[in-house]
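Take a walk through this structure, one part at a time. Keep the 3D view open as you read.

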Amino acid sequence: MSENVILQVNNLKTYFDVTKGLFAPKQIVKAVDDVTFDVKEGETFGLVGESGCGKTTLGRTIVKLYEPAGGSITFEGKDVSKIKGADLKAFRKDMQMIFQDPYASLNPRMTVGEIIKEPMIIHNIYDTDEQREERAVELLKIVGLKPDHIRRYPAEFSGGQRQRIGIARSLAVNPKFIVCDEPISALDASIQAQVVNLLKTIQKEMNISYLFIAHDLSMVKYISDRIGVMYLGHIVELGPSNDVYHRPLHPYTSALLSAIPIPDPDQAKARNRIVLEGEVPSPINPPAGCPFCTRCPKATERCHTERPQPIEVGTRTVSCHLYEK
Amino acid sequence: MALVEIRDLYTEFKTDQGIVKAVRGVSLDVNQGEALGIVGESGSGKSQTMYSLIGLLADNGYVAGGTFKFDGEDITPSSFPNERAYVEAMRKLRGDKMAMIFQDPMTFLNPVLKIGTQLVEPLLNHTDMTKAQARERALELMRLVGIPEAEKRIEQYPFEFSGGMRQRIVIAIALANNPKLVIADEPTTALDVTIQAQVLELIDELKKNTNSAIIMITHDLGVVAKLCDRIAIMYGGEIVEIGTDKEIFYEPKHPYTMGLINCISNPEDDSKEDLKPIPGSPPDLLDPPKGCPFVERCEKAMRVCKDFPPEVTTFSKTHQCSCWLTDERAKYNE
């Protein structure tokens with residue numbers, strides 16, 4: 001991991017118009033609202049949060065599956081938030097994605113070879129089909145599948161093996177950055193570890209940066225160098241994964257961490273959870289102040305009216321009035 | 001006497017590819033007031049074992065062998081004079097003495113019926129309560145599972161509730177008639193962590209306050225560590241190891257149990273050492289292995305493991321494991 005920033009996201013906003021009917025009042029879902037963070041070369045940046053917090057939308061905005069409503073995405077020094085045409089195509093080669101559902105993300109009518117070779121054809125990486133075939137076989141070996149799997153169809157593989165095919169496909173164009181959107185949550189525990197270890201090995205050998213999106217906090221902590229905790233479209237806390245885990249600053253981070261089930265009976269039974277009251281507010285009508293103020297056990301008058309700005313506390317960035325001097 | 005006694009259960013499914021032997025010789029006791037966790041990967045037979053017990057197998061599934069006893073009664077399908085008598089008897093038990101909490105509350109709740117209607121249904125069907133009494137009890141149950149403004153909420157439909165609230169309703173329905181046995185099939189898998197914590201907390205409280213036995217079917221070792229007194233590990237349609245929570249987590253004997261514990265990350269541990277995944281994938285139960293189901297993935301597999309099914313070795317009154325490694329006789333065989 002180097003100190004060179006490969007991806008810089010500044011004040012990124014992704015909004016969806018969910019207005020129903022012609023004359024109805026305008027309704028906007030602020031799925032990602034004012035998010036700032038960076039990812040360094042060869043680093044794994046973990047993004048955690050509960051469903052609906054905007055983590056997947058953020059990932060998809062970064063790979064440009066959604067248009068941002070504001071803010072900038074700088075990839076290798078170039079602002080990519082507005083690029084089109086040939087520039088966009090070049091960007092797509094460097095930035096790949098691994099999807100959550102290995103059953104929905106592979107075309108059932110294409111063989112594994114065709115699936116892996118398709119991005120090479122699109123990006124004109126090799127001149128002949130022999131070269132592509134050779135590379136596809138090599139990629140299959142890297143992800144732990146056998147060369148003769150190349151003629152088979154996705155239906156013949158298990159969930160874990162399909163996820164390996166998805167990884168091989170994303171590696172086909174030699175990307176510099178991969179957005180992994182819940183790549184292991186559809187897999188069984190014993191298979192999850194296989195895939196996570198594979199991702200780590202690939203990163204070591206090819207120096208790829210990951211944005212690792214997941215709701216499974218223990219896995220995210222294990223794989224990530226730094227973690228961003230999202231709540232209602234905002235990153236409320238960001239810092240090195242061990243620091244965030246052991247000394248959470250934001251009250252939401254503390255609550256989220258105390259909710260992780262610990263796979264150890266003595267620790268699990270002795271542990272006191274901070275059980276949060278209520279549920280996440282609707283992103284159509286978020287609280288005026290801090291997004292977490294409706295559930296926060298430490299909320300004050302100020303939290304309900306004034307939105308906290310990110311402040312630096314040691315190695316961490318946290319958006320909470322409690323830490324302002 | 002145990003509340004539930006399952007002896008030598010075999011459950012099979014007819015499919016186009018052949019007969020899937022989903023459960024292969026499972027024996028299990030569950031005592032009054034205890035929480036038993038059944039842990040296994042998808043396809044290990046953990047859910048089908050329980051569905052066989054309560055008579056909710058899919059149409060192509062059937063119990064091919066074994067016996068069940070529940071609360072002293074024989075409820076083995078073949079012990080009834082005909083299919084109809086069995087279905088009728090099970091219908092009387094379910095929702096009364098035994099209840100079920102499913103993974104996805106939205107497929108369990110009827111979307112076009114009010115919550116109140118669904119809550120009083122088990123009460124009206126299984127007791128002599130009047131509608132007014134049943135409604136009172138329904139409100140009491142809603143308060144018990146922590147639903148605020150019960151009087152207002154009882155008139156609402158499932159879509160007006162969030163995921164966590166719906167799961168609370170499902171739990172309330174399960175508890176309606178003070179069941180002796182509650183089977184929870186992945187009750188928190190569809191929920192977010194903070195909501196999962198709320199629901200687990202609730203189940204833990206209910207466990208302490210009622211004398212119901214709880215069977216928790218899950219793939220999440222974190223969930224069983226928090227809630228369960230005893231844990232059964234299933235693999236390839238068999239129970240490979242069973243013991244108290246401490247025996248399973250701190251003194252696992254079966255290589256699969258050890259593998260499971262090693263391949264999940266404990267967030268309390270800061271080392272970034274590689275997780276030790278279990279290589280390979282689970283056996284195909286269309287054609288189950290002759291010997292130990294885990295033999296293909298086991299690092300310590302011996303010659304005997306491939307051809308002969310291991311027998312049960314007992315380590316303590318509560319701790320048993322089916323593995324040749326713990327069997328004295330295997331040593332002479334090598």
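Predicted model: local features only at pLDDT ≥ 70, side-chain atom pairs only at ≥ 80, totals over all residues.

Start with chain A as a whole. Chain A holds 11 helices and 12 strands. Its C-alpha atoms fill a box of roughly 70 × 55 × 45 Å along the principal axes. Of the 325 residues of chain A, 45% count as buried. In chain A, eight strands form an open sheet with mixed pairing. Their order is β6-β7-β8-β3-β9-β10-β12-β11. Which strands stand at the edges? They are β6 (95-98) and β11 (311-313) of chain A. Each has a single partner strand, so one side of each is left without a neighbour in the sheet. On average, neighbouring strands of this sheet are turned by 20 degrees against each other, direction ignored.

Look inside the sheet at β3 (residues 44-48) and β8 (residues 209-214) of chain A. These two strands pair in the parallel sense over five bridges. Val48(A) stands opposite Ala214(A) in β8(A). A helix packs on this sheet too: α5 (residues 159-171) of chain A, which touches β6 and β7 (177-181) of chain A. The direction of α5(A) makes about 175 degrees with that of β6(A).

Two other helices of chain A pack against each other. Two packed helices are described by the angle between their axes and the distance between the axes. For α3 (residues 112-122) and α4 (residues 129-142) of chain A, the axes come within 9 Å and cross at roughly 115 degrees. The crossing of α3(A) and α4(A) is right-handed. From α3(A), the contact uses Gly113(A), Ile116(A), Lys117(A) and Met120(A). From α4(A), it uses Arg132(A), Glu133(A), Arg135(A), Ala136(A) and Leu139(A). By class, this contact has four nonpolar, one polar and four charged residues.

Now turn to the two chains together. In chain A, 35 residues are in contact with 35 residues of chain B. Which element gives the largest share of the side of chain A that touches chain B? That is α6(A), with six residues. Other helices of chain A that each supply at least two residues include α7 (217-223) and α8 (241-246). By class, this side of chain A has 18 nonpolar, 10 polar and seven charged residues.

Finish with β10(B). Six of its seven residues are buried, so β10(B) is largely enclosed by the rest of the structure. It pairs with β9(B) in the antiparallel sense over six bridges. Tyr235(B) has Glu238(B) in β10(B) as its bridge partner. The hairpin of these two strands has two residues between them, and there Gly236(B) takes a positive phi near 55 degrees. β10(B) also pairs with β12 (residues 320-322) of chain B, in the antiparallel sense over two bridges. Here Ile242(B) stands opposite Gln320(B) in β12(B).

Notes. Residues numbered from 1 in each chain as written. Chains lettered and ligands numbered in written order. Axes fitted to C-alpha atoms, helices over the stretch in contact; angles between N-to-C directions. Helix = DSSP H or I, 4+ residues; strand = E, 2+ residues; numbered from the N terminus. Left-handed = near helix turned anticlockwise from the far one by under 90°. Contact = placed C-beta atoms within 7 Å. Nonpolar A, V, L, I, M, F, W, Y, C, P; charged D, E, K, R; others polar. Buried ≥ 20, exposed ≤ 12 C-beta atoms within 10 Å, placed from the backbone. Pairing = 2+ DSSP bridges.
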